[in-house]
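Subject: Structure handover

Hello,

I am passing on the structure we talked about. Please look through it first; my notes on what was found follow below.

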Amino acid sequence: GKVNEAYQQIAFADKIILNKLDLITTEEAIAVKDQIRAINKYAKVLPAIKGRVRMDELANIRAHDMTNFGDIDREADAMEL
């Protein structure tokens, strides 16, 4: 079947930059964050305006380091969706 690329990117992300917050209302931002959380409750959501994010949030994130996952059973969590 057809793959939803955006869904997969959110599902497997460690961090998600929620950009252009200056262009939407607080209620819209909350709704988008809720949708992100429904797909991936573990990723850190970073608010941004004009793409500005603290560099220490993006550096040395140790992505794909399985020691960061511990005993999280992502497959079981995926079944709940």
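Four bridges join strand β1 (residues 15-18) to strand β2 (residues 44-47), and the two strands pair in the parallel sense. The model is a predicted one. One of the residues involved is K15, whose bridge partner in β2 is K44.

**The chain as a whole**

In total, the protein chain holds four helices and two strands. Their order along the sequence is α-β-α-β-α-α. The protein chain has 81 residues, of which 17% count as buried. Among contacts in the protein chain with a separation of 6 or more, 74% are between residues 24 or more positions apart.

Which residues make the nonpolar surface patch? They are I17, M55 and L58, and the patch covers about 300 Å². L58 lies in helix α3, which spans residues 55-58. Is L58 buried, partly exposed or exposed? Its relative accessibility is 40%, so L58 counts as partly exposed; buried would require a value under 20%, and exposed a value over 50%.

That is the end of my notes.

Regards

Note on methods
Residues numbered from 1 in each chain as written. Predicted model: local features only at pLDDT ≥ 70, side-chain atom pairs only at ≥ 80, totals over all residues. Heavy atoms only, no water. Pairing = 2+ DSSP bridges. Patch = residues over 30% accessible without salt bridge, like charges linked within 9 Å, V, L, I, M, F, W, Y side chains within 5 Å. Areas by Shrake-Rupley, 256 points an atom, 1.4 Å probe, with all protein chains shown as cover. Salt bridge = Lys/Arg side-chain N within 4 Å of Asp/Glu carboxyl O. Buried < 20%, exposed > 50% of the residue type's maximum accessible area, 1.4 Å probe, protein only. Contact = heavy atoms within 4.5 Å.
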